[in-house]
Structure formats: structure tokens, C-alpha cells
Amino acid sequence: MSSIASIRTAIMKAPENRSYTDQGISPLFQAGPTAKILIVGQAPGWRAEERQQLFADPSGDSLRKWLGVGVATFYDSCQFAILPMDFYYPGKGKSGDLPPRRDFAPQWHPQLLTHLPQLELIILIGRYAQEYYLKDRKKRTLTETVRAYEEYLPRYFPLVHPSPRNNIWQAKNPWFATELLPKLQERVDQIVNR
């Protein structure tokens with residue numbers, strides 16, 4: 001039977017990740033066997049990879065505010081697991097960071113999920129996470145999927161990325177702050193504080 005530690009070692013030894021391992025870069029994810037909430041993001045940014053901590057940036061500040069939790073609770077692996085769609089920074093593209101590698105999550109997420117038996121909520125941040133976990137249940141656009149969040153409860157909760165780049169999107173979709181975020185905070189509070 002594998003363990004989270006042995007899966008981490010296998011990820012580091014995999015040929016497709018060898019260039020990261022050779023540079024001393026570890027796969028970035030957070031998983032504890034008693035975690036109740038899983039956050040599935042896109043991929044670590046260069047800053048996260050440099051600091052070796054996910055969401056240690058303005059996006060993380062926004063996400064914690066959306067969830068209604070502090071830093072200590074967020075990084076408590078007994079409460080929150082964080083599995084990006086790729087555990088390594090994919091590099092810079094023409095208009096931002098490159099997308100996560102498509103074959104990464106299918107290879108490693110199922111193995112790690114077997115070690116997270118107490119999950120009650122999976123928060124899906126962005127298109128890549130929603131496509132992978134919701135499959136044909138997702139809507140035509142990310143906005144439609146997020147707007148239909150109640151259809152995916154109690155297991156899943158789709159969100160946009162908390163990047164400051166999405167401030168314009170939030171301004172165009174006021175329901176996100178007035179309707180969705182209170183429901184998200186209520187659900188998180190029910191799980192974390194009972």
C-alpha cells in the first residue's frame with residue numbers, strides 16, 4: 001500500500017519531472033489524511049515554487065478571504081488539502097503562465113485521493129480543474145459553471161481564480177460576491193468548525 005510520502009517520491013522520480021527534481025524543485029501540494037476540504041487549483045506560479053508554498057501571494061489572500069479562513073487554518077493539512085492540476089510551475093507563455101500539463105492530474109490525483117478519505121468538499125478553481133473533475137457536467141463557459149454552483153453541491157464548489165486579474169470579472173458579475181461567497185463561507189464554516 002502506498003503512502004502520501006511514497007507518492008511524492010514517485011512523482012519526483014518520474015521521468016517527466018526529472019528536470020525539476022534535478023534542479024532541487026519539489027512537487028508542490030498539501031495533503032493530510034484527515035483533510036476535509038480539497039482545493040484544486042491550476043499550477044503553482046513561479047513565486048509559489050520559489051517559496052515552496054501554494055497560494056502565498058495576493059491570489060491566496062483573496063482565496064482565504066473568499067473561504068472565510070485565516071492563514072493558519074488554510075495551511076493546516078488536517079483541514080485543507082491542496083492539489084493543483086500540476087505540482088510544478090509550467091513556465092511562462094505569451095500571455096501569462098503556461099497551462100498545467102494535461103496528463104499530470106490523471107496520473108497523480110487518483111492516487112493521492114485514496115489517501116484523503118474524509119473529504120467533504122472539493123473546491124474547483126478555474127477551467128482546468130472544472131473540466132477534469134466535472135467532465136460533461138460543466139457548463140459551456142466558466143462563468144456559467146460558477147453561476148450554477150448549487151448544481152454541484154454538496155461535493156463540488158466551482159470558483160474563478162482569485163487572481164487580481166479577475167477583479168474585472170467580479171465587477172461584471174456582482175452575484176459572485178453577494179450570493180456565492182456567503183454560501184461558500186457558510187459551507188466551509190460548517191465543515192471546519194463543527
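The following legends describe close-up views of a predicted model.

**View 1. Packing of helix α1 against helix α6.** Helix α1 spans residues 4-13 and helix α6 spans residues 104-113. The two helices pack at an angle of about 165°, and their axes lie 10 Å apart. Because angles over 145 degrees count as roughly antiparallel, α1 is described as roughly antiparallel to α6. The crossing of α1 and α6 is right-handed.

**View 2. Residues at the contact of α1 with α6.** From α1, the residues I4, I7, A10 and I11 take part. Their counterparts in α6 are F104, W108, Q111 and L112. Sorted by class, this contact of α1 with α6 comprises seven nonpolar residues and one polar residue, with no charged residues.

**View 3. Setting of T21 in helix α2.** T21 belongs to helix α2, which covers residues 18-22. The relative accessibility of T21 is 24%, so T21 counts as partly exposed, the range for that class lying between the buried limit of 20% and the exposed limit of 50%. Leaving aside residues up to four places away in sequence, T21 touches M12 and Y88.

**View 4. Polar atoms of T21 and M12.** A polar atom of the T21 side chain lies 2.7 Å from the backbone oxygen of M12. M12 is also listed, together with Y88, among the residues that T21 touches.

**View 5. Separation of T21 and G45.** In sequence, T21 and G45 are 24 residues apart. In space, the C-alpha to C-alpha distance between T21 and G45 is 17 Å.

How values were computed: Residues are numbered from 1 along each chain as its sequence is written. This is a predicted model: local features need pLDDT of at least 70, side-chain atom pairs count only at pLDDT 80 or more; totals for chains, interfaces and linings use all residues. Side-chain values use heavy atoms; hydrogens and water are left out. Axes are lines fitted to C-alpha atoms, for helices over the stretch in contact, and angles run from 0 to 180 degrees between N-to-C directions. Helices (H or I, at least four residues) and strands (E, at least two) are DSSP runs, numbered from the N terminus. Angles under 35 degrees count as roughly parallel, over 145 as roughly antiparallel, 65 to 115 as roughly perpendicular and the rest as oblique. A crossing is left-handed if the near helix is turned anticlockwise from the far one by less than a right angle, and right-handed if clockwise. Contact means heavy atoms within 4.5 Å. Ala, Val, Leu, Ile, Met, Phe, Trp, Tyr, Cys and Pro count as nonpolar, Asp, Glu, Lys and Arg as charged, and the others, Gly among them, as polar. Buried means under 20% relative accessible area, exposed over 50%, partly exposed in between (1.4 Å probe, protein chains only). A polar contact is a pair of N or O atoms within 3.5 Å; within protein, one must be able to donate a hydrogen and the other to accept it, and residues adjacent in sequence count only if both atoms are side-chain atoms.
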